[in-house]
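Here is a short report on one chain. Please have the sequence and the 3D view open as you read.

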Amino acid sequence: MWYVSTRGMAPRVNFEGALFSGYASDGGLFMPEELPQLGIETLHQWSALSYPSLVKELCTLFIGPELIPKEVLNDLIDRAFSRFRHREVVHLSRLRNGLNVLELWHGATYAFKDLSLCCTAQFLQYFLEKKEKHITVVVGTSGDTGSAAIESVQGAKNIDIIVLLPKGHCTKIQELQMTTVLRENVHVFGVEGNSDELDEPIKAVFADVAFVKKHNLMSLNSINWARVLVQMAHHFFAYFRCAPSLDTCPLPPVEVVVPTGAAGNLAAGCIAQKMGLPIRLVAAVNHNDIIHRTVQQGDFSLSAAIEPTLASAMDIQVPYNMERIFWLLSGSDSQGTRTLMEQFERTQSMSLPKELHSKLSGAMTSESMSDEAITWTMSRCWEENQYLLCPHSAVAVGYHYQQTDRQQPSFPRCCLAPASAAKFPEAVLAAGLTPETPAEILALELKETRCTPMRKGDDWTLMLRDTIESLGWQQRGHFLNAPK
């Protein structure tokens with residue numbers, strides 16, 4: 001399996017190359033050169049599989065046994081999911097009036113990113129140990145990515161991780177999940193800015209190709225193909241658990257509602273669709289609605305500013321995985337995708353060509369939810385089911401309530417739940433409900449913290465480069481002092 005850049009100007013790479021690269025050298029994102037097509041027989045076979053088994057089947061298709069032998073791959077995935085709290089790893093809650101909520105948050109940090117990052121970290125360590133190599137991972141986070149990335153690699157001898165978090169823009173619990181990890185290979189910075197602003201120094205550092213190569217830098221944001229690959233399993237699992245029957249031809253559709261920020265889960269769903277999974281996608285966003293405007297009007301342009309919302313992990317202006325979706329739906333048109341994305345980067349505004357917009361609105365619909373709609377949905381779900389939603393999950397469930405209240409005839413529907421309500425007590429209180437906080441989250445309050453400030457007026461890019469340089473010196477010192 002080969003991977004190509006969405007912008008068509010970078011050499012193609014295998015899975016290992018895509019895993020370690022993040023962005024391609026031409027600024028694009030890696031995508032499979034060809035997508036395997038799954039027939040009805042394969043879907044029938046997969047329909048009885050557990051979530052971990054679906055991940056294994058998908059990874060086998062996209063990685064290849066010449067890179068990771070199948071038995072080894074299966075062991076890595078089992079190891080990745082070994083610390084999840086639920087025996088199924090993910091769990092479908094069937095609630096009143098056809099509401100299906102797929103809980104993706106049973107990992108260590110109570111968020112869906114544990115699923116893909118635990119696997120990605122296992123793949124990284126497999127290749128690093130084979131080559132006796134060290135890398136430095138740089139992550140910008142809007143809330144959950146940072147803690148899940150730290151959890152997946154903390155203590156690893158061949159990986160250092162640097163995380164930039166937006167001070168005051170994620171919840172206290174999200175922040176503590178990052179700042180209380182005092183392992184030697186974990187380095188956390190609190191940035192006086194939002195999640196889009198903290199991406200700028202990261203982009204600047206990664207634009208220096210020689211620097212990236214010298215220090216073996218990589219990113220674990222959802223630009224990384226391995227994360228999108230694992231997230232495809234959400235859609236297959238949702239489909240198989242919610243489809244009424246697989247005995248009809250054609251197979252019945254299922255609507256999958258995806259609360260989305262950077263559009264990684266959405267891109268995963270589009271790829272699953274293209275492979276033959278009969279799902280209809282709904283992109284559910286908060287008030288920061290660039291994806292909603294793109295789907296509805298073809299308007300891929302920045303708003304004047306990010307508006308902080310209760311669904312803070314989705315407070316994103318630049319949903320970079322939309323580039324993967326544009327490329328996929330344009331029939332792998334790299335030149336067209338490059339032109340569109342370069343225009344967007346230059347002007348922060350771009351209108352989709354009519355044909356591409358038509359294909360996008362054919363692949364998915366969308367909805368935008370206000371904070372008022374989020375708290376109303378959380379409150380209603382509790383009243384009807386005694387079930388607490390996090391504000392991001394409420395964005396998806398709010399769409400479900402809209403449709404059922406209008407008594408619209410619809411297919412079976414599954415709402416993806418990306419995080420536990422336990423991480424968002426402020427939003428639970430705003431909905432007039434009582435937070436339920438697990439003991440391990442309460443214990444974070446008592447732990448020592450470590451976080452280096454990046455203040456307004458500081459040169460964030462220089463601070464990041466200096467940190468990477470000093471880690472490089474430390475690694476060279478370890479190498480020189482290692483027993484021969």
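## Basis

This is a predicted model, in which local features need pLDDT of at least 70, side-chain atom pairs count only at pLDDT 80 or more, and totals for chains, interfaces and linings use all residues. Residues are numbered from 1 along each chain as its sequence is written, and side-chain values use heavy atoms, with hydrogens and water left out.

## Annotated domains

An unreviewed UniProt entry annotates residues 3-81 as "domain: Threonine synthase N-terminal". That span is 48% helix and 8% strand. Helices (H or I, at least four residues) and strands (E, at least two) are DSSP runs, numbered from the N terminus. The end C-alpha atoms of residues 3-81 are 26 Å apart.

The unreviewed entry also gives "domain: Tryptophan synthase beta chain-like PALP" for residues 105-397. Here the chain is 51% helix and 16% strand. The end C-alpha atoms of residues 105-397 lie 16 Å apart. UniProt positions follow the numbering used here, feature names are shortened, and annotations may be inferred rather than shown by experiment.

## Nonpolar cores

The largest nonpolar core has 117 residues. Such a core is a set of buried Ala, Val, Leu, Ile, Met, Phe, Trp, Tyr and Cys residues joined through side-chain atoms within 4.5 Å. Buried means under 20% relative accessible area, exposed over 50%, and partly exposed in between (1.4 Å probe, protein chains only). F15, Y51, F123, W225 and F236 touch the most other members. Helix α10 (residues 225-242) supplies the largest share, 13 residues. Another core, of 33 residues, lies apart from it; M369, I374, A431 and L433 are among its members.

## Helices α3 and α10

The axes of α3 (residues 51-63) and α10 come within 9 Å and cross at roughly 135 degrees. Axes are lines fitted to C-alpha atoms, for helices over the stretch in contact, and angles run from 0 to 180 degrees between N-to-C directions. So α3 is oblique to α10: angles under 35 degrees count as roughly parallel, over 145 as roughly antiparallel, 65 to 115 as roughly perpendicular and the rest as oblique.

On the α3 side, the contact (heavy atoms within 4.5 Å) includes Y51, L54 and L58. On the α10 side, W225, V230 and F237 are among the residues involved. Beyond its neighbours within four places in sequence, Y51 has contacts that include F81, L115 and H234.

## Loop residue L182

L182 sits in the loop between α7 (172-179) and β7 (186-191). L182 is partly exposed, because its relative accessible area is 34%. Leaving aside neighbours within four places in sequence, L182 contacts E448, T449 and R450.
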